[in-house]
Amino acid sequence: MQNTGNASPASGSFFTDPRKRAWLFQIVAVVIVVAIGWFLFNNTQTNLQHRGITSGFGFLQNSAGFGISQHLIDYTESDTYSRVFLVGLLNTLLVSALGIVLATIIGFTLGVARLSPNWLIRRLAGVYIETIRNIPPLLQIFFWYFAVLSPLPGPRQSLELGEVFFVNNRGLYMPAPVAAPGMWPFWIALLVAVVGSVLLRRWARARQHLTGLPFPVLWCSLGLLILLPGLTVVISGVPFDWDMPVLQGFNFRGGWVVIPELISIVMALSLYTAAFIGETVRSGIQSVSHGQTEAASSLGLRPGLTLRLVIIPQALRVIIPPLTSQYLNLVKNSSLAAAIGYPEMVSLFAGTVLNQTGQAIETMMITMSVYLAISISISVLMNVYNKRIALIER
Amino acid sequence: MSNTTHTFKPSLPPPTLNVGVIGWLRTNLFSSVGNTLLTLVALYLIWLVVPPIFNWAFLQADWAGATRADCTAEGACWVFVKERFGQFMYGFYPAELRWRVDLTAVLAVVGAAPLFFDRFKHKARYGIALLVAYPVIAFWLLYGGFGLQVVPSSAWGGLMLTIVIAAVGIAGALPLGILLALGRRSSLPAIKVICVTTIEFWRGVPLITVLFLSSVMLPLFLPEGLSLDKLLRAVVMVVIFEAAYIAEVVRGGMQAIPKGQYEAAAAMGLGYWRTMGLVILPQALKLVIPGIVNTFIALFKDTSLVIIIGLFDFLNSIKRATADPAWLGMSTEGYVFAALVYWVFCFAMSSYSAHLERKLNTGHTR
Amino acid sequence: MKMVKTTLAIVTTAAVLGVSGFAQAGATLDAVKKKGFVQCGVSDGLPGFSFTDAKGAYKGIDVDVCHAVAAAVFGDASKVKFSPLTAKERFTALQSGEIDVLSRNTTWTSSRDAGMGLVFAGVTYYDGQGFLVNKKLGVNSAKELDGATVCIQAGTTTELNLSDYFRTNGMKYTPITYDTSDESAKSLEAGRCDVLTSDQSQLYAQRIKLAQPDEYVVLPEVISKEPLGPAVRRGDEEWFSIVKWSLFAMLNAEELGVTSKNVDEMAKTPKSPDIGRLLGIDGEYGKDLKLPKDWAVQIIKQVGNYGEVFERNVGAESNLKIKRGLNALWNQGGIQYAPPVR
């Protein structure tokens, strides 16, 4: 077995011919994997049968019969388990999306702060990163939930901001926009503005290629995006009615509420992940050699432009792969929300549903495949992006 | 020509605003309006955060006493941590046998110490001997048997359990991870597919689902009557899970080895295993030591998740103690103490990794 | 690498070949006897039912049921190992064979009894779901809870009953579900929720864990039937009988006036034929159950009769001070009733 590689000379005997041996090797490996798989499957099958445990996915059509504290889609107790699954999935995606956006913003800020010419800022960012990334995320979730958010006052003593926003230990209450009827001109104006900005950007780019003259695309599109819909508002009135939260009985009713479980998990995960992203960004920026900055300034680029056109595009190549794995970690860590009762996939589906139905294998299978699917999609997306910005070598 | 010689005036001292404390402050803190503003904001933030924490943790804290009634001051009550310290460290490990845990820890420190001295000659041989002998001794001391009273793993707990899981996890994940990485880089398609699938599967699912699977569902997959220790199962899952991450780190290192090295090894007539073992892996592993240590840190932090399957690790023993009716309202103290301990361990590891990175940085990196 | 694979192959083949037959009735008893202890799934911290004291020893009614089974099988009540389980884990743990008995204040329902591959061995405690609220809210009845935020333990029947109750009464609520009762109690205290719902016995137990128990009150409404009892895996009638009769032995002992103190004496000179049969002086009733002759003596001596267990853990001698109520014997105004040993 010393010479399995491609280096040894071919000879006649079966066991000394590397190619034949490679085949043998692989067949053995495949057989073992299949055997283990079959062994586990068979055991499970017989165990289930023997113990009279219901199996199959029929349970998904049964009515759930329990309430859920946060659902992004309509949900009542009489809805089915498959609806519960959707609710859980959306809640997981919500945490992941919020976490990724926040962590990226905070992380990039930290990364830049780590390289700031200001000693104090540099140090603070360093201390923050070293503190946060060395404490388990679960502990940080507990911290936000039990130490920061639970001591907030109850609903009747809410902290309020202009009688519009209310903060208490039940969450953050804010007015919810409700689309008013007859608002189509607003939406059309918004659509026109968006399409217009895209076209404008294309045109400006083409012009710069031909003539070298820059065009203030950003300001123009911003103007377009504000002015056009703004005009319709002036003409036909505000497009939304606001549904205000009102204290009624035990709680506030109406409006939007962000539950403290969501706040805790998002805060903890984004601050935790941001510490890692900060380090990634720092090393990415540092990986761009100083000559690049010098070359850029000798070409007459201003520092801002140097950063935007020279440093960042090159740094991104180094940053993207570790950034992807940070995003993946964040998505997987969102499952820790189960520890504080936020209704996401693991706590809702692999927890409550599993327990109400007793169908552990099916629910765990579904849950794990969902995480796999999310992970794989993020990887694929980031790989595509990575390919687009990768260095094209000649 | 007159013989007037030109004498230089003694040079002036540098402008006071550019050197010394003031100069340093100017360049580092107040170099521009924006910077000054940032500095002031940062100072304000520090003033906002640090004094209250310091007050709470030290100035107004309770240190002496034995019961909840001794918690009289405004700030933290460290009496709680002091009273429950034994439980936090050893869980329910019998009090009269705790010397065995201590001895195991001391042995680890003493045993590993020579490895950190550069002048020690037989590092490799000693290291391997230690790797073989220590786990056996440690297991014997912790579990018992052969003359020692048996302490079942269900009585293990606290920081000791956390360290056991982490240590076994690290020791198991590294070799398995290297094997998986080799498999992933293999030229045999079937092996490659198996390894890639394994790695991607384990990296794609959250550890808590895996732990749940192992803790309550595993017997469903195994023949009836075959039962494995709960701790063992958790540790095995941690090993496989982290091995997938190690595999990716090691693969990164292997990809960084220039092709010439493989070709040179082949030209020397080395086979696959010798090429890998003698040429590629030593270089690749050296390159990715920081990455490996980072994975270890992640592993150490991940051990806190065994709380989900009801093992009494460090975090769980603290959480349990805070629910004790005799010590209500101590959760902040408990969690702060937990954070501090985790931080010390992880920070030590990350500092060591940074030190190694500097030491091994022989100028190949950009 | 090849070595690893070869080893794996051998192990796999061995394992595949080794597992030809499945457990027949009696497999659990044999397995338990072989490993030398009963693996018992209990709750993770509920005063009175199962909780750990400062030394890490388990105490409570649910725990005593496990001790009784061990006393019956081994004649030694200490041969039990406990697995603390959350409500979410418990059924999976029993189904999978992780534990031998599930004694974790679990409600007996038809779907659990039939669909999940478990079977309940009896009722250790007749309970009902109630509500615990802060007195400050000024709520006197569960009917006034419209719009309240409710803390519940995930994966329990209470989760379902709650939703039924609010729907029937046309009220709305927001559920906050936690994995453990500790977390629910902590959240009630912090004001995250207005009301905590659970079985009434649990509410009393959780109330004494609060910082100021007197600030909280259990509302009068009982909204469901919650017969709590030990469960075993389906398909092993022998083991099922052992658990069932361990429980019945405790009930019969109380009815017959046999206590942990007088059991030795009674065993020597039984006062009635009933006592003689229970204590194995007369007949071979232990053998029918595949248990030693003195199985009931051991249970009563080491664990106590039902009344003793109740009073010690949740009744007058504990700090829960729960009255017997429904859990009194059938001839004393309750509904606890055990078939006779004969």
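Me: Is the crossing of α7(A) and α9(A) left-handed or right-handed?
Reply: This is a predicted model, in which local features need pLDDT of at least 70, side-chain atom pairs count only at pLDDT 80 or more, and totals for chains, interfaces and linings use all residues. Helices (H or I, at least four residues) and strands (E, at least two) are DSSP runs, numbered from the N terminus. A crossing is left-handed if the near helix is turned anticlockwise from the far one by less than a right angle, and right-handed if clockwise. For α7(A) and α9(A) the crossing is right-handed.

Me: How are α7(A) and α9(A) oriented to each other?
Reply: Residues are numbered from 1 along each chain as its sequence is written, while chains are lettered from A and ligands numbered from 1 in the order in which they are written. Helix α7 (residues 260-287) of chain A packs against helix α9 (residues 303-333) of chain A at about 160°, with the axes 8 Å apart; axes are lines fitted to C-alpha atoms, for helices over the stretch in contact, and angles run from 0 to 180 degrees between N-to-C directions. Angles under 35 degrees count as roughly parallel, over 145 as roughly antiparallel, 65 to 115 as roughly perpendicular and the rest as oblique. The pair α7(A) and α9(A) is therefore roughly antiparallel.

Me: By class, how many charged residues has the contact of α7(A) with α9(A)?
Reply: Among the residues that meet here are A:Phe276 and A:Ile277 in α7(A), and A:Ile319 and A:Leu323 in α9(A); a contact means C-beta atoms, placed from the backbone, within 7 Å. Ala, Val, Leu, Ile, Met, Phe, Trp, Tyr, Cys and Pro count as nonpolar, Asp, Glu, Lys and Arg as charged, and the others, Gly among them, as polar. By class, the contact of α7(A) with α9(A) has 12 nonpolar and 8 polar residues, and of charged residues it has none.

Me: What are α2(A) and α3(A) to each other in direction?
Reply: Helix α2 (residues 81-114) of chain A and helix α3 (residues 119-132) of chain A make an angle of about 130°, with 8 Å between their axes. Their crossing is left-handed. Residues that meet include A:Leu110 in α2(A) and A:Ala125 in α3(A). By that angle, α2(A) and α3(A) are therefore oblique.

Me: Which helix supplies the largest share of the side of chain A that touches chain B?
Reply: In this interface 51 residues of chain A contact 47 residues of chain B. At least two residues each come from α1 (18-51), α3, α4 (137-149), α10 (345-357) and α11 (360-389) of chain A. The largest share, 10 residues, is from α1(A).

Me: How many residues of the side of chain A that touches chain B are charged?
Reply: Chain A meets chain B through 51 of its residues. This side of chain A has 31 nonpolar and 18 polar residues, and the number charged is 2.

Me: Why is one side of β10 and of β12 of chain C left without a neighbour in the sheet?
Reply: Two strands pair if DSSP finds at least two bridges between them. The open sheet of chain C has 5 strands in the order β10-β9-β11-β8-β12, with mixed pairing. β10 (173-178) and β12 (216-218) of chain C are at the edges, so each has a single partner strand.

Me: Which helix packs on the sheet with a direction about 160° from that of β9(C)?
Reply: Strand β9 (residues 148-153) of chain C pairs in the parallel sense with strand β11 (residues 195-199) of chain C over 2 bridges, and C:Val150 stands opposite C:Val195. The helix in question touches β8 (129-134), β9, β10 and β11 of chain C, spans residues 181-190 and is α7 of chain C.

Me: Which strands stand at the edges of the sheet in chain A?
Reply: An open, antiparallel sheet of 4 strands has the order β1-β2-β3-β8 (chain A). β1(A) and strand β2 (residues 165-168) of chain A are joined by 3 bridges, with A:Glu160 opposite A:Phe166. Those with a single partner strand are β1 (159-161) and β8 (256-258) of chain A.

Me: Over which residues of chain A is the pLDDT below 50?
Reply: pLDDT is the predictor's confidence in each residue, from 0 to 100. Chain A has a mean pLDDT of 84, with 94% of its residues at 70 or more. Where pLDDT is low, the predicted coordinates should not be read in detail. In chain A the stretch below 50 is residues 1-11.

Conventions:
Contact = placed C-beta atoms within 7 Å.
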